[in-house]
Number of protein chains: 2
Amino acid sequence: MTEKPPSKYGENFSKWFDWVIEVAEIYDYGRYPVKGVGVWRPYGFKLRQLMLNIMRRLLDETGHEEVLLPLLIPENIFRKESEHVRGFEGEVLWVTRGGFEELDIKLALRPTSETAISYMESFWLKSYRQLPKKYYQVASIFRYETKATKPMLRVREVTTFKEAHTVHESFEDAERQVKEAIEIYSKFFDELGIPYLISKRPDWDKFAGALYSIAFDTLLPDGRALQIGTVHHLGQTFAKVFEVRIQKRDETIDYAWQTSYGISERVIASIIAIHGDERGLILPPNVAPIQIVIVPIPGKDIDETSRVLKESKKVYGDLKRSGFRVRFDDRMELRPVEKYFEWEIKGVPVRVEIGPKELAANTITLFRRDLMERIEVNRAKLIDEVEKLLNSITINLKERAWKWFREHIFRVSSIDEAKPIIENRQGIAEVPWCGKELCGLRMSDETGGRTLGSPINGEEPHGKSCVICGKPAITYMRIAKTY
Amino acid sequence: MTEKPPSKYGENFSKWFDWVIEVAEIYDYGRYPVKGVGVWRPYGFKLRQLMLNIMRRLLDETGHEEVLLPLLIPENIFRKESEHVRGFEGEVLWVTRGGFEELDIKLALRPTSETAISYMESFWLKSYRQLPKKYYQVASIFRYETKATKPMLRVREVTTFKEAHTVHESFEDAERQVKEAIEIYSKFFDELGIPYLISKRPDWDKFAGALYSIAFDTLLPDGRALQIGTVHHLGQTFAKVFEVRIQKRDETIDYAWQTSYGISERVIASIIAIHGDERGLILPPNVAPIQIVIVPIPGKDIDETSRVLKESKKVYGDLKRSGFRVRFDDRMELRPVEKYFEWEIKGVPVRVEIGPKELAANTITLFRRDLMERIEVNRAKLIDEVEKLLNSITINLKERAWKWFREHIFRVSSIDEAKPIIENRQGIAEVPWCGKELCGLRMSDETGGRTLGSPINGEEPHGKSCVICGKPAITYMRIAKTY
């Protein structure tokens, strides 16, 4: 079993993460005999499902429709868009054999589905009346990572890829969609209490085939930035190659405009990494597979214990009927403290403790996992108090995460100041930038970090100079060590 | 576009099926440039999701836990169980390249996951206290079919494979699990109104690696049987090979016992094929993405029409609040009859018609898709009447399906009687059988059908003789043309 590290911060992070996903039974990694793939265990699978439920709700509410595209993309289709191929070619897994035969045409395991869906859209979409059209799917994608793989963070089978693909009648409408996608993802990460910066990726680091790419980055406890969502304006790149042609309002025919945007299980990794502590997971109530666990405290004799159990069962029924995800831990062979330990590892937000003391006083003891604090509440007000407590936990987790995040973003005015921040993995440095590619590339070289891009809100470093060339800066460049 | 055939029965079936899945926008097949794979379109995806919801509920209620296993199985792991390999080897798709490199070890796209999960279970399960353990996953599996492929019915990417894998401390407990699985699947097909026979597959046709296999077969309108679910007692086959060793109650250590059972999108094909008619789909209310569509009938002037629209909107709100999946078709550029046509193709169970006539009489006209009949109901009783109507549709679809199914099962006493049933694809023939393999194989040869196996309820053909050898029969053998 993976050894428990003293904390999740700094150099300990990777060990802590491996430890917590194992002991909390989230994701089995490193034992399955293929590099870079993992297994979702039941508790982790539920967490994943609850995260996806939130995403699906946000997408469905905004008129997105779920589809399911094939895993396999024939080589000739995949190669049709040359920039896209160059971006992915080095990391595609290829099926070349079927049964005892060599295949005529190699089949790629999709690294993403722009080519597959554009191919289909050429059949499905003919008129502006059908637009905007917003599709999405949740599926596995594959990347033959040659760098060191990490559970959920850098894998060869990305099992939880949510990719949206939209089609529009104009550049502007696609741009509006980019904005909607940014809004959806902002809401999504807000609901999960995950802090983020939204950056326009530099031109030299955009999605293969896109006009431009917007990215959401968060920061893990080791001070490295993690890309957790991307939004691409695809222009007419794929529409032209796959002949997605649309009759427009003025009856002319033109290629459609497209966007795509995606998130992956890196979101789950972020929930785990950002909210957890040295005791294990701390799950936000909206994605906690178990929101409340009830632990009965045995009495001095069988009689008292049986009254405790009876009351615990009643409380369980009350909470269940109120719609909470609740577990009654009635295993009598374990002491309460052993149960506490187990459910703390699993990050259950609220623990209900009921013993002789509570029975006598007609109260319930509630324990909140995020602050490791107990409060006593009136039995009659239990449902309200639990509701309030869960809300308070949601808010606290989010605030705490943002506070730490903000403390690790440094706005500095020179490469000398930026360099130690990157090198020591203290977080993200923001430096004034003239906007030229050459200067951007040198920022990477001189700090050893990756350039994440610039704020999308147009914020300018008035009167400041580019940290490389000294000319007037028109924006900031964000730099960090990344995954 | 696929041409519309005159009916779904007999030789027309395949054409009808291709037509209906295209015009109802369920599943796009034959256009995507890989043989044997299809695309789930939004309406089809929702149907698929609703079907899976029912399955997940039945599994969750009985203590099954969902997991997600890797797609890729390394060749050496896959080859560990020799019988299993022989069963699947000819139809495995192999990944042999990653990026620009040849892989050291070929990776199979899972054709099923017994090997992958048994490998993991050897780490996860140690003691009888953890048993029985019931896992399942919903995922794509791959089979390199060399026969003619058919949408949903015989595909290379099975996108909707629900496979359960269970672990037990004894042969008997695994056998109990087989019974539970049969019960779950029976309930499942009953909820969908899909008729079935449950057969113990003959020994020469069981799952590769199983002690025995139980199968659910239904009958499609062309008179061919379709396997829609299987349940396998795996004995200790995989547990031995992958060393799933369990400490037992008596403290000895022994290999675990396993079962597995699966269904696929053939269930969706069955819903479509069995309930549909020459006008299109007829969906059971519990899986219909839209259960009720509201079509307003314009009045003689704008004023009257706007009163109709107002009332329609109100009805929409009422139905929505009552929890129905309802659509208000307020497209004013289409005539009501055009809308009728469209929603009949899509199989919406109930149509609500509201026009000046209904306004005047304070009634609503309800149309049921299964019988193509209208009834008028009191506006005030709408919710109750719709509820009643949906129930009645559910019951009618199921009864109608079972009636047709039973009419196409023929219990006969000789090969001469069985032969034309199989040859003319009239359904399933049941013939007395002595139980010997040689006689069973000859039944296939002489009728040109496939032997589905024998009833699991132990029913015997008292006093009858085996139709091949003439010796006393101990059971029936079911024979049919199959998919």
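Which residue stands opposite A:Ile292 in β16(A)? In the predicted model described here, that position in β16(A) is held by A:Val326. This is a predicted model, in which local features need pLDDT of at least 70 and side-chain atom pairs count only at pLDDT 80 or more, while totals for chains, interfaces and linings use all residues. Residues are numbered from 1 along each chain as its sequence is written, and chains are lettered from A and ligands numbered from 1 in the order in which they are written.

The pair A:Ile292 and A:Val326 belongs to an open sheet of 5 strands in chain A, with the order β16-β15-β17-β18-β19 and mixed pairing. Helices (H or I, at least four residues) and strands (E, at least two) are DSSP runs, numbered from the N terminus; two strands pair if DSSP finds at least two bridges between them. Strand β15 (residues 292-296) of chain A pairs with β16(A) in the parallel sense over 3 bridges.

Two helices lie across strands of this sheet. Helix α9 (residues 302-321) of chain A lies across β15, β16, β17 (350-354) and β18 (363-368) of chain A, and runs at about 170° to β15(A). Helix α10 (residues 336-345) of chain A lies across β15 and β17 of chain A, also at about 170° to β15(A). Axes are lines fitted to C-alpha atoms, for helices over the stretch in contact, and angles run from 0 to 180 degrees between N-to-C directions.

Elsewhere in chain A, helix α2 (residues 42-61) packs with helix α6 (residues 171-192) at an angle of about 150°, the axes being 10 Å apart. That makes α2(A) roughly antiparallel to α6(A) (angles under 35 degrees count as roughly parallel, over 145 as roughly antiparallel, 65 to 115 as roughly perpendicular and the rest as oblique). In this packing, A:Ile54, A:Met55, A:Leu58 and A:Leu59 of α2(A) meet A:Ile184, A:Lys187, A:Phe188 and A:Glu191 of α6(A); two residues are in contact if their C-beta atoms, placed from the backbone, lie within 7 Å. By class, the residues of this contact comprise 6 nonpolar, no polar and 2 charged. Ala, Val, Leu, Ile, Met, Phe, Trp, Tyr, Cys and Pro count as nonpolar, Asp, Glu, Lys and Arg as charged, and the others, Gly among them, as polar.

Chain B is superposed on chain A by a rotation of 180° with 0.0 Å of shift along its axis (RMSD 0.0 Å), which is the relation of a two-fold axis. Copies are superposed by least squares on the C-alpha atoms of residues with pLDDT of at least 70 in both. In chain B, the C-alpha nearest the axis belongs to B:Val95, 2.0 Å from it.

Between the chains, 41 residues of chain B are in contact with 41 residues of chain A. The largest share of the chain B side, 6 residues, comes from β5(B). Strand β5 (residues 93-98) of chain A pairs with β5(B) in the antiparallel sense over 5 bridges, and A:Trp94 stands opposite B:Arg97. An open sheet of 6 strands includes this pair, in the order β4(A)-β6(A)-β5(A)-β5(B)-β6(B)-β4(B), with antiparallel pairing.
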